[in-house]
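Hello,

Here is the structure I promised to pass on. Please have a look at it first, and my notes follow below.

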Amino acid sequence: MGKTLAEKVWDAHVVRRADGEPDLLYIDMHLLHEVNTPQAFDGLRAAGRGVRRPDLTLGTEDHNTPTIAIDKTITDPAARHQVSLMRKNCAEFGIELFRLGAEHQGIVHVIGPELGLSHPGSTIVCCDSHTATQGAFGSLAFGIGTSQVEHVLATQTLPMARLKNMAVTVNGSLPDGVTAKDLILAIIARVGTAGGQGHIIEYRGRAIRELSMEGRMTVCNMSVEAGSRAGMIAPDERTFEYLRGRPAAPSGAAWDAEVEHWRTFYTDEDAVFDKEVVLDASTLTPFVSWGTTPAQSAPLGDPVPDPASFTDPVERAAVERAQEYMGVRAGEPVRGLPVDVVFVGSCTNSRIEDLREVARVLDGRKVAPGVELMIVPGSMKVRQQAIDEGLHEVFESAGASLRFAGCSMCAALNEDRLTPGQRAASTNNRNFEGRQGKGSRTHIVSPAVAAATAVAGRLAAPADLN
């Protein structure tokens, strides 16, 4: 029997396998940020251990970092302390760290691909569930907990129970105006927040192959919102061209040899998946979340669903609670809901293609009175590229500004957060209660819908502005 893409990568990294025990996997790259890591370093000190492969470990500051006054002292004491500990720990253990404002500083899931660290067929871990982003390159990338961070730091290995395999095949092509963000919201709405639990999802089909690498990263990023540990897409020529010439990519003869190796990472025709889902991309339209999970999403033109239409009493109760929290009513349209804030950013949608799409919609238009539009690039490199391309001028003319890199309002661990009752259209990946501030109401959207919403002052697609 053939193997899936995930099985090939997994099996290539097994250091030890024994009956009744998890597999011990070798880890090719370990990424760190300032949240969830201090305890791991304390554990190393207590045990008298060092970092096994500091050359395969990289840190960045992203969650607690300010996005405006980056040359000033971080005002929040807890955030300042976490960043200080990150700097101390990386210096003590010999780990390279991209500090606030540095050329390559940014969201950990953005800078990895940007540097060319996301190699097909590799294993990548980080203390953050959205590490799944880098599965877009055919790598097995997933988030880990604090104790696992310590284990990888000390040994460059990780015990892992084998996961099942799930295929999500998307046939056809996405219509004009429908993006990778709409696609992944449609997938999660279809399978639910637990649909991929215990599985690695492989995304397949024509619509997936037609996505840019940045679009593929958006899809894989939100795999965890479907309950999956990781999402993967088989590498192809588009993958190789993205990686070519990047700082951590091989060059010369080594590049040619690596590409030939990377071509071996695909699912065999006779491989068997434990679970399969099929969608038709041609039927999709822009999506938006109406509730408090990404699964509670629907086409922008659809009404808020009636709780009575859900037969499962638990699900029905969850829908009722979500509608009450979000201040929406069954049967009313989602399109047209007024918003206070629009956030463009996060590890899901803060890359240069996302900013270009926002600029395309904003060009020649103004942000609606009373609406705040926050544009936060995923890395300092993305920010500079946006400036080089003149996107910042479009943003400023429209009434927005290009901030500095960081997680910003996605995690709301810095000053960027909503106040109670504020409603936002946001390009991030999570919308549970209080995610972007106590009492905040978040509608997950694509960058294009976010930009159109900022102009309209209410949830809208670019087509609504014509």
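Helix 6 (residues 180-191) and helix 8 (residues 213-221) pack with their axes 9 Å apart, at an angle of about 25°. That angle makes helix 6 roughly parallel to helix 8, a term for angles under 35 degrees. Axes here are lines fitted to C-alpha atoms over the stretch in contact, with angles running from 0 to 180 degrees between N-to-C directions. On the helix 6 side, A180, K181, L183 and I184 make the contact, and on the helix 8 side G215, T218 and V219 do (contact means heavy atoms within 4.5 Å).

A word on the source: this is a predicted model, where local features need pLDDT of at least 70, side-chain atom pairs count only at pLDDT 80 or more, and totals for chains, interfaces and linings use all residues. Residues are numbered from 1 along each chain as its sequence is written, and side-chain values use heavy atoms, leaving out hydrogens and water.

Now to the strands. Strand 10 (residues 199-204) has five of its six residues buried, so it is largely enclosed by the rest of the structure (buried means under 20% relative accessible area with a 1.4 Å probe, protein chains only). Strand 9 (residues 164-171) runs parallel to strand 10, joined by six bridges; strands pair if DSSP finds at least two bridges between them. Strand 11 (residues 230-232) is also parallel to strand 10, through three bridges. I200 is the bridge partner of N165, and A230 in strand 11 is the bridge partner of I200.

Enjoy exploring!

Notes
Buried < 20%, exposed > 50% of the residue type's maximum accessible area, 1.4 Å probe, protein only. Helix = DSSP H or I, 4+ residues; strand = E, 2+ residues; numbered from the N terminus. Parallel < 35°, antiparallel > 145°, perpendicular 65-115°, else oblique.
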